[in-house]
Amino acid sequence: MSRLKLFIPVGVFLVLALLLWRGLYLDPRTLPSVLIDKPLPEFELPTVEHADRLISKADLPKEPFLLNVWGSYCLPCLQENPILKAAAEKDVLPIIGINYKDKINLALMWMDDNGSPFEFSVMDADGRLGIDLGVYGAPETFVIDGNGVIRYKHIGVIDYQSWQEEIMPAIEAVKAESLN
Amino acid sequence: MTTPAAMTNSRRGAIGSVRILLQLATLVLLCLTANAWSAIDTFEFENDEQQHRFRTLSNEFRCPMCQNTSLTGSGGGVAEDLRREIYLMIVDGKTDEEIKQFMLERYGDFIFYKPRLMTETLLLWFGPLLFLLLGGWIVLGVIKRARPQEQQAVVLDDADQERLRKLLAGVDRLNRIDSPDEQDKSDNR
């Protein structure tokens, strides 16, 4: 018995090492969203394309769509732009932008320079809609189902890997559901 | 001898350099406080109590973007927006509980610096107590073991007694060799 006791420190070490090992592979920047499976918040905001007309939740697509939070100041947004444009060109699903805490002229210039994957972009100049969506910085991307419910959230830049392995499966799941 | 005109000139020069020194000192101080100033907003409160609540709340929430700073200390865009929301809700007459609920609904438990007490956070809350108890238990064990055991009369049989006598005799001999006067004797020999 007392001989077994000698192994207690080794046991403690192993448990601790295992926990810390796991901790190495957790990304502290990716916060779990509490808004999954919650309906989109209500809003009434202009779009970058039509600054003089307010749109609301009712004007969003009635089919599954992608909601992408972006800004002209945001480098990762530029990085993921080709992937989103390709998806828009292939008619994978409609992509709506949320122009987050940006200036309208800069946003228009950005779309001019880089091309836009968005059907339109809701202009959230003061970040109020962003707060309701639990956004903490562009880019963030939501998969919304046909009923306007948030089904998936991707934080940070979308690269080909995350598009293939995370976002596309989420889109397909939501689409398959809306067909039934 | 300096003329009165020259004296005023030199005094003016002295005052000028003092002023420059003061300006430099102010500049240095400003640079030092720049960090503290970065997160000051111009909110107008109706009373001190509201302002106090605003400060307390902004300190209790964690900035989701610049993790490990509170909303008060963060210069991040979203922190600025959240401080504004807190301000608006306070002025709007919302209670602290309602404001916390607002944050929780949007940003989840992460937003609280002080985690709420629930099953998932039990270990977080009471882990230290657990370790303290464990440590106390170990220390008690060590102390108990270190305490001298109660002496019991040792009963020796004849053979043991003989061995002991021999051993003691050996120690005695050794002692005699080690002692200095014993060595002196051997030197004389």
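## Chain B at a glance

Helices here are DSSP runs of H or I at least four residues long, and strands are runs of E of at least two, numbered from the N terminus. On that basis, the elements of chain B run α-α-α-α-α-α-α from the N terminus on, giving 7 helices and 0 strands. Please keep in mind that this is a predicted model.

How much of chain B is buried? Of its 189 residues, 11% are. Looking at contacts in chain B with a separation of 6 or more, 46% join residues 24 or more positions apart.

The model as a whole scores ipTM 0.83 and pTM 0.70. For chain B, the mean pLDDT is 80, with 76% of residues reaching 70 or more. Within this chain, helix α4 (residues 96-107) has the highest confidence, at a mean of 93, while helix α7 (residues 180-188) has the lowest, at 53. Residues 34-38 of chain B have a pLDDT below 50, and this stretch makes 1 contact in the model beyond near neighbours in sequence. Where pLDDT is low, the predicted coordinates should not be read in detail.

## Where the chains meet

Which residues bring the two chains together? On one side are 12 residues of chain A, in contact with 13 residues of chain B. The chain A side comprises 6 nonpolar, 3 polar and 3 charged residues.

The largest nonpolar core has 47 residues, and those touching the most other members are Leu67(A), Ile95(A), Val143(A) and Leu82(B). In soluble globular proteins, nonpolar side chains tend to be buried together. Let's take Leu67(A) from that group: setting aside neighbours within four places in sequence, its contacts are Ile96(A), Ile98(A), Thr141(A), Phe142(A) and Ile144(A).

## A closer look at α3 of chain A

Helix α3 of chain A covers residues 75-89. Where does α3(A) bend? The bend, of about 40°, is at Asn81(A), and Pro82(A) follows within four residues.

Asn81(A) is also buried, as are Cys77(A), Glu80(A), Leu84(A) and Ala87(A) of this helix. An α-helix has 3.6 residues a turn, so residues three or four places apart point the same way. The cover over the buried residues of α3(A) includes β3 (65-70), β4 (95-100) and α4 (104-114) of chain A. After the helix comes Asp91(A), with a positive phi near 55°.

Terms used
Residues numbered from 1 in each chain as written. Chains lettered and ligands numbered in written order. Buried ≥ 20, exposed ≤ 12 C-beta atoms within 10 Å, placed from the backbone. Contact = placed C-beta atoms within 7 Å. Nonpolar A, V, L, I, M, F, W, Y, C, P; charged D, E, K, R; others polar. Core = buried A, V, L, I, M, F, W, Y, C linked by C-beta atoms within 7 Å. Expected span 1.5 Å × (residues − 1). Bend = angle between axes of the 7 residues up to and from the residue. pLDDT = per-residue confidence, 0-100.
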